[in-house]
Amino acid sequence: MVTTNIGKIFLQAYNVKYEKNYTAKDFFDKVFFPLVLDSPKYLQWVQNSPFVQMKQGQRVETLTSEERREKLSEFHQKILMGSQDASVALGYAASEEKGFATTSGQVTNMELSITAEDVYLSWIGACLGLGVKGGISILFDQPALLLDIFEGWAVYRKLLDEVPSLKGNQLSSAWNAQWLIHKYSRLFNPKNPFAHLDPYEEKAGVMGIKVESWTLLLIRICQHYTNPKMLGYVYGFGQMNTTIGFIPFVLSQIRRSFDFYDRLFQMEREKAEPLWGTAFGLQKACERGVVGLSAMEPKGLRDYILAKKMPKYKQENQQQTILFHTYITWIIAMLNNEELWAKALEFATVLQNFSTGNKQGKTSNSRKVDEVLKATNKKNFIESLVEIVGNSTEVDVITKIASLVNTMPTENVPYFLTLVRFRYAEINNNK
């Protein structure tokens with residue numbers, strides 16, 4: 001199962017990094033249990049497991065150390081007796097078939113050989129999940145990333161021990177992603193991991209860990225790794241489980257887009273980050289079979305691509321400027337050709353000159369330019385240029401742009417024409 005495999009990848013990396021030779025049970029007893037469960041506040045709540053099954057009068061927050069050890073012994077005993085249902089082996093099937101549809105992950109009628117080691121590994125793997133907004137989680141198979149997630153467990157334990165009002169049980173549902181976003185930020189200080197860390201949110205008077213967006217998580221990961229490509233298992237564990245499946249994450253494309261942003265605009269990138277990937281959610285993005293740059297489409301951009309809206313810059317409106325720069329950067333990254341930004345400016349300048357150059361035919365010329373700007377495909381674009389090229393003094397530029405668009409892959413044409421619209425709006429704003 002996925003959780004077991006992720007646990008195995010992590011444990012191998014852990015043993016190498018810390019020069020140990022732990023089995024999964026060793027790690028569970030010596031590292032996992034003390035960090036995650038041996039406290040009045042658990043880091044993770046596992047429904048129906050021995051650790052949450054209370055005897056009469058017992059509550060998690062009032063258990064003694066001895067009582068917690070008793071529950072650990074009960075857990076070990078269940079594994080020795082061969083229990084392999086979802087309350088013992090995380091991510092596995094429920095104990096009864098009627099629970100498969102709602103409470104189980106991947107279920108099969110094949111006979112699988114599941115060892116005690118596999119069960120312990122499933123706990124380790126499940127607790128390395130990255131929970132994001134929308135109730136969706138991701139398990140990545142990157143050893144270095146898994147080790148970085150684990151590093152945050154001790155930080156979460158310290159926060160729970162030192163902040164009485166902070167609720168527990170959010171390790172994989174919120175904390176892991178929150179920690180990774182913090183650790184991979186530009187402000188992270190390894191000598192003081194608590195500096196600039198503000199993970200809290202309050203709901204209904206209860207302080208908890210804020211659940212972050214999947215887009216910000218992917219942005220931080222792609223900024224941290226030089227060539228980030230990894231396989232992710234996307235799922236949701238809860239009262240109603242969701243299995244989306246194994247999805248390739250090609251984050252190098254996203255990293256490239258932020259390189260474009262830095263070079264082109266030199267504005268505060270952090271203010272643009274929340275705008276990425278807001279067109280649709282992670283589950284919808286996974287339907288494409290791969291999560292890459294296209295999944296990061298900013299909300300609202302589609303109207304400009306379809307020419308339903310024309311960009312209009314408002315002078316000194318920084319928020320709008322950052323939004324437009326985000327749109328532009330995403331388009332350039334999709335085109336994978338930074339030179340088209342300059343070509344769009346060159347052509348937009350020709351259109352502006354044509355629109356304002358002839359005093360007598362100014363209104364007529366302006367309408368002809370509008371038709372060019374409204375074009376969203378090759379045919380309409382070329383046809384609209386015919387009305388201009390005969391009366392323009394800059395035929396060479398128009399001809400080159402027409403040839404460029406005509407030889408461009410069809411799916412790229414709307415993106416380039418959108419760049420022209422933004423360049424034209426930019427020129428008008430400057431004038």
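In which helix do glutamate 383 and lysine 379 both lie, and how many residues apart are they? Both lie in helix 16 (residues 378-389), four residues apart, which is about one turn of the helix. Helices here are DSSP runs of H or I with at least four residues, and strands are runs of E with at least two, numbered from the N terminus. The structure is a predicted model, in which local features need pLDDT of at least 70 and side-chain atom pairs count only at pLDDT 80 or more, while totals for chains, interfaces and linings use all residues. Residues are numbered from 1 along each chain as its sequence is written, and side-chain values use heavy atoms, with hydrogens and water left out.

The protein has a mean pLDDT (the predictor's confidence in each residue, from 0 to 100) of 89, and 92% of its residues reach 70 or more. Over residues 95-104 the pLDDT falls below 50, although this stretch has 17 contacts in the model beyond near neighbours in sequence; a contact means heavy atoms within 4.5 Å. The protein contains 18 helices and six strands. Its C-alpha atoms fill a box of roughly 95 × 45 × 40 Å, taken along the principal axes. Of the 431 residues, 49% are buried, where buried means under 20% relative accessible area, exposed over 50%, and partly exposed in between (1.4 Å probe, protein chains only). Among contacts with a separation of 6 or more, 68% are between residues 24 or more positions apart.

Side chains of opposite charge can pair when their charged atoms come close. A salt bridge is defined as a side-chain nitrogen of Lys or Arg within 4 Å of a carboxyl oxygen of Asp or Glu, and the structure holds 17 of them. One of these joins glutamate 383 to lysine 379, with the closest N and O atoms 2.9 Å apart. Glutamate 383 counts as partly exposed because its relative accessibility is 43%, whereas lysine 379 is exposed, with a relative accessible area of 55%.

Lysine 25 is partly exposed, with a relative accessible area of 34%, and aspartate 29 is partly exposed at 23%.

The side chains of aspartate 38 and arginine 68 form a salt bridge at 2.8 Å, N to O. This pair links distant parts of the chain, 30 residues apart: aspartate 38 is in the loop between helix 2 and helix 3 (65-80), and arginine 68 is in helix 3. Aspartate 38 counts as partly exposed at 21% relative accessibility, while arginine 68 is buried, with a relative accessible area of 9%. Asp38 and Arg68 are linked with Arg69 in a network of salt bridges.

Aspartate 148 is located in helix 6 (residues 143-162). Helix 6 has 20 residues and reaches 30 Å from its first C-alpha to its last, close to the 28 Å expected at 1.5 Å a residue; the expected span is 1.5 Å times one less than the number of residues. At the start of helix 6, a side-chain oxygen of glutamine 142 comes to within 3.3 Å of the backbone nitrogen of alanine 144. Aspartate 148 is buried yet has no salt bridge, and the nearest side chain of opposite charge, lysine 183, is 4.1 Å away. For charge, Lys and Arg count as positive and Asp and Glu as negative; His and the chain ends are not counted. The side chain of aspartate 148 does make a polar contact with the side chain of tyrosine 184, at 2.5 Å. A polar contact is a pair of N or O atoms within 3.5 Å; within protein, one must be able to donate a hydrogen and the other to accept it, and residues adjacent in sequence count only if both atoms are side-chain atoms. Not counting residues up to four places away in sequence, aspartate 148 touches Trp179, Leu180, Lys183, Tyr184, His224 and Tyr225.

Methionine 408 lies in the loop between helix 17 (395-407) and helix 18 (413-430). Methionine 408 counts as buried because its relative accessibility is 6%. Leaving aside neighbours within four places in sequence, methionine 408 is in contact with Leu340, Lys378, Val413 and Phe416.
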